[in-house]
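Work through the exercises below with the model open beside you. Try each task before you read its solution.

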Amino acid sequence: MDRREYLKKTLGGAAILGAAGMMNSVQASEITSGLPGLNNSTLAALSTLPMVDNHGNYTLPDLPYDYNALEPHLDEQTMKLHHGIHHLGYVNGLNNALSKLQEARTNGDYSLVKHWSREVSFHGGGHYLHTLFWAVMSPNGGGLPQNAALKTQIDKDFGSFDAFKAHFLAASNAVEGSGWGILAWEPVGQRLIIHQVEKQQDMSTWSNIPLLMVDVWEHAYYLKYQNRRGAYTEAFMNVVNWEEVSRRFELAKGA
Ligand SMILES: [Fe+2]
């Protein structure tokens, strides 16, 4: 796969991000017409895992490791259900919503445009964030980031890694209902920011670039941890793929 093809595959996610409120600077027309709007911020927001097939349909990427690879921190059964049922549901929901909007344009009937637009945001956000989520975990993860630039930025914006971790886990644990804890790069102020994202169609700030995210929907942890979300998020830190987070950080900051 050459670079252009790779970008088109992974950028498939970008088309949904404007609707999901995550990457409004890139228009779908740009994505399919030579990528003139592509910049480092755009790249940083993308996953290394493919999100679309050769026909432009959204697809479920394979995990970059076995279902049991993150044991004992994330259990095999949860990973199977999370990836094969929940994430697949977002992929199918996104494709379906887009086809319904195509039907609406064909028929000139926009009576359900609000519903299907919300479905694009909900399932698109789910597809995008889950794809990134798989990539920011690794059986060889955990510990401290080794990337000097990321370490310096964490110290600058949070005081220390320990303070970042405490803040990130507290924010993630306190998400009301279902959602995500997300470490993001804020390109205007040139700083790292931690978001509490309720559900997944609502991002706090459109310009921000997600770097590290923990899924705190109950489907991500309930089988093993039941109501102990804090034990799950603490365990999550043992599988963080800091190399992938650092890659995204450097691309984002270089924008
Ligand atoms: Fe999830």
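## Ground plan

Along the sequence, the chain runs in the pattern α-α-α-α-α-α-α-β-β-β-α-α-α. This is a predicted model, where local features need pLDDT of at least 70, side-chain atom pairs count only at pLDDT 80 or more, and totals for chains, interfaces and linings use all residues. Residues are numbered from 1 along each chain as its sequence is written, and side-chain values use heavy atoms, with hydrogens and water left out.

## Exercise 1: the overall count

Task: State how many helices and strands the chain has, and what share of its residues is buried.

Solution. 
- Step 1. The chain has ten helices and three strands. Helices (H or I, at least four residues) and strands (E, at least two) are DSSP runs, numbered from the N terminus.
- Step 2. Of the 255 residues, 48% count as buried. Buried means under 20% relative accessible area, exposed over 50%, partly exposed in between (1.4 Å probe, protein chains only).
- Step 3. Now look at contacts, meaning heavy atoms within 4.5 Å. Among contacts between residues at least 6 apart in sequence, 70% join residues at least 24 apart.

## Exercise 2: strand S1

Task: Find the strands that pair with S1, and decide whether the faces of S1 are covered or open.

Solution. 
- Step 1. Take S2 (residues 191-198): S1 pairs with it in the antiparallel sense over eight bridges. Two strands pair if DSSP finds at least two bridges between them.
- Step 2. Check the turn. S1 and S2 form a hairpin with four residues between them, and Gln-190 in the turn has a positive phi of about 55°.
- Step 3. Go to S3 (residues 209-215). Six bridges join S3 to S1, and the two run antiparallel. Here Ile-182 has Met-213 as its bridge partner.
- Step 4. Inspect the faces. Gly-179, Gly-181, Leu-183 and Trp-185 are buried on one side, and Trp-180, Ile-182, Ala-184 and Glu-186 are buried on the other.
- Step 5. Conclude. Eight of the eight residues of S1 (residues 179-186) are buried, so S1 is largely enclosed by the rest of the structure.

## Exercise 3: the sides of helix H6

Task: Sort residues of H6 into buried and exposed, then say what the buried ones pack against.

Solution. 
- Step 1. List the buried residues of H6 (residues 148-158): Leu-150, Gln-153, Ile-154 and Phe-158.
- Step 2. Recall the helix rule: an α-helix has 3.6 residues a turn, so residues three or four places apart point the same way.
- Step 3. Turn to the opposite face. Ala-148, Thr-152 and Lys-156 are exposed there.
- Step 4. Name the neighbours. The buried residues pack against helix H7 (161-173), S1, S2 and helix H10 (242-253).
- Step 5. Check the ends. At the start, a side-chain oxygen of Asn-147 reaches to within 3.1 Å of the backbone nitrogen of Ala-149. Just after H6, Gly-159 takes a positive phi of about 100°.

## Exercise 4: the iron site

Task: Which residues are the protein donors of the iron ion, and where does His-219 sit?

Solution. 
- Step 1. Name the donors: His-82 (NE2), His-130 (NE2), Asp-215 (OD) and His-219 (NE2), lying 1.9 to 2.2 Å from the iron ion. Donors are N, O and S atoms within 2.8 Å of the metal (3.2 Å for Na, K and Ca); water is not among the atoms, so sites may look incomplete.
- Step 2. Trace them in the chain. His-82 lies in helix H4 (residues 76-107) and Asp-215 in S3, so the pair ties together parts that are 133 residues apart in sequence.
- Step 3. Check burial. His-82 is buried at a relative accessible area of 1%, and Asp-215 is buried at 0%.
- Step 4. Locate His-219 in the loop between S3 and helix H8 (222-225). At 18% relative accessibility, His-219 counts as buried.
- Step 5. List its contacts. Not counting residues up to four places away in sequence, His-219 touches Thr-78, His-82, His-86, Tyr-90 and His-130.

Terms used
Polar contact = N/O pair within 3.5 Å; in protein donor to acceptor, adjacent residues only side chain to side chain.
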